[in-house]
Amino acid sequence: MKNKYEKICKTLDDTKELAYNFAKLAEKGCFVSLYGEIGAGKTAFVKLVAEALDVKERVTSPSFVILNEYHTARIPIYHFDLYRLENEGVKTIVDELREYSEGKQLTFVEWAEFSQDEIPFNHLKVNVTYEDDDSRKYTFEAFGKSAEEITEGLNND
Ligand SMILES: Nc1ncnc2c1ncn2[C@@H]1O[C@H](COP(=O)(O)OP(=O)(O)O)[C@@H](O)[C@H]1O
Ligand SMILES: [Mg+2]
């Protein structure tokens with residue numbers, strides 16, 4: 001079992017390819033925790049995954065509303081942006097997030113950088129680092145069996 005995967009995406013098209021590969025592997029559902037500074041490419045990845053899953057609505061950043069949900073794709077997609085929460089807020093919300101980690105749904109959570117807390121349930125951690133104007137590095141780390149199936153699949157692509 002390979003629980004890690006990383007890819008350097010030199011262009012947005014490379015990120016699109018990664019997102020489409022990920023989407024194929026994630027149709028059983030997954031809780032995805034995204035880290036990285038502003039402008040790194042967290043929302044860009046979520047948008048491309050949603051597109052791969054045939055979402056009908058326009059996917060926008062949930063920075064101001066905290067949660068966007070989409071029910072027109074092949075599986076329900078929940079997209080949180082917790083950038084505005086202070087550390088205390090993150091601790092209080094973790095239990096509520098747990099229910100989004102269960103079942104056949106895809107949940108993305110964009111965290112502020114200060115909140116790299118341990119998440120106490122199965123999830124896939126994605127760290128996005130900014131290389132230069134277009135180049136990004138996406139690092140995936142699986143915590144739990146279903147997430148490991150995804151990193152293993154990405155490694156085999
Ligand atoms: N290779 C790439 N991968 C992802 N985003 C890229 C890439 N190259 C350029 N970009 C651009 O970088 C920006 C990333 O912004 P966004 O995804 O909103 O960041 P975050 O959600 O991490 O704050 C987008 O405007 C996107 O088009
Ligand atoms: Mg964002």
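Reader: At what angle do α1 and α2 pack, and how far apart are their axes?

Author: This is a predicted model, and in it α1 and α2 pack at about 55 degrees, with their axes 8 Å apart.

Reader: Why are α1 and α2 called oblique to each other?

Author: Angles under 35 degrees count as roughly parallel, and roughly perpendicular takes 65 to 115. The α1/α2 angle is about 55 degrees, so the two helices are oblique to each other. Their crossing is right-handed.

Reader: Which residues of α1 and α2 meet?

Author: From α1 you get L12, T15, K16, A19, Y20, F22 and A23, and they meet A44, F45, L48, V49 and A52 of α2. By class, that contact divides into 10 nonpolar residues, one polar and one charged.

Reader: Which residues make the contact between α1 and α4?

Author: On the α1 side they are N21, F22 and L25, and on the α4 side I150, G153 and L154. The classes here are four nonpolar, two polar and no charged residues.

Reader: Now the sheet. What is the order of its strands?

Author: Seven strands form an open sheet, in the order β1-β7-β6-β2-β5-β4-β3, with mixed pairing.

Reader: What makes β1 and β3 edge strands?

Author: β1 (4-9) and β3 (67-70) each pair on one side only. On average, neighbouring strands of this sheet are turned by 15 degrees against each other, direction ignored.

Reader: How do you know that β2 and β5 pair?

Author: Pairing takes at least two bridges. Five bridges join β2 (residues 30-35) to β5 (residues 106-110), so these strands pair, and they run parallel.

Reader: Which strands do α2 and α4 lie against?

Author: α2 packs on the sheet and touches β2, β3, β4, β5, β6 and β7, its direction making about 165 degrees with that of β5. α4 lies across β1, β2, β6 and β7, at about 140 degrees to β7.

Reader: And which residues come nearest to ligand 1?

Author: Of the 18 residues around ligand 1, those are T15, G41, K42, T43 and A44. α1 (12-25) and α2 (42-52) are the elements that give two or more residues to this shell. By class, the shell has six nonpolar, seven polar and five charged residues.

Definitions and conventions. Residues are numbered from 1 along each chain as its sequence is written. Chains are lettered from A and ligands numbered from 1 in the order in which they are written. This is a predicted model: local features need pLDDT of at least 70, side-chain atom pairs count only at pLDDT 80 or more; totals for chains, interfaces and linings use all residues. A residue is near a molecule or strand if its C-beta atom, placed from the backbone, lies within 6 Å of it. Helices (H or I, at least four residues) and strands (E, at least two) are DSSP runs, numbered from the N terminus. Ala, Val, Leu, Ile, Met, Phe, Trp, Tyr, Cys and Pro count as nonpolar, Asp, Glu, Lys and Arg as charged, and the others, Gly among them, as polar. Two residues are in contact if their C-beta atoms, placed from the backbone, lie within 7 Å. Axes are lines fitted to C-alpha atoms, for helices over the stretch in contact, and angles run from 0 to 180 degrees between N-to-C directions. Angles under 35 degrees count as roughly parallel, over 145 as roughly antiparallel, 65 to 115 as roughly perpendicular and the rest as oblique. A crossing is left-handed if the near helix is turned anticlockwise from the far one by less than a right angle, and right-handed if clockwise.
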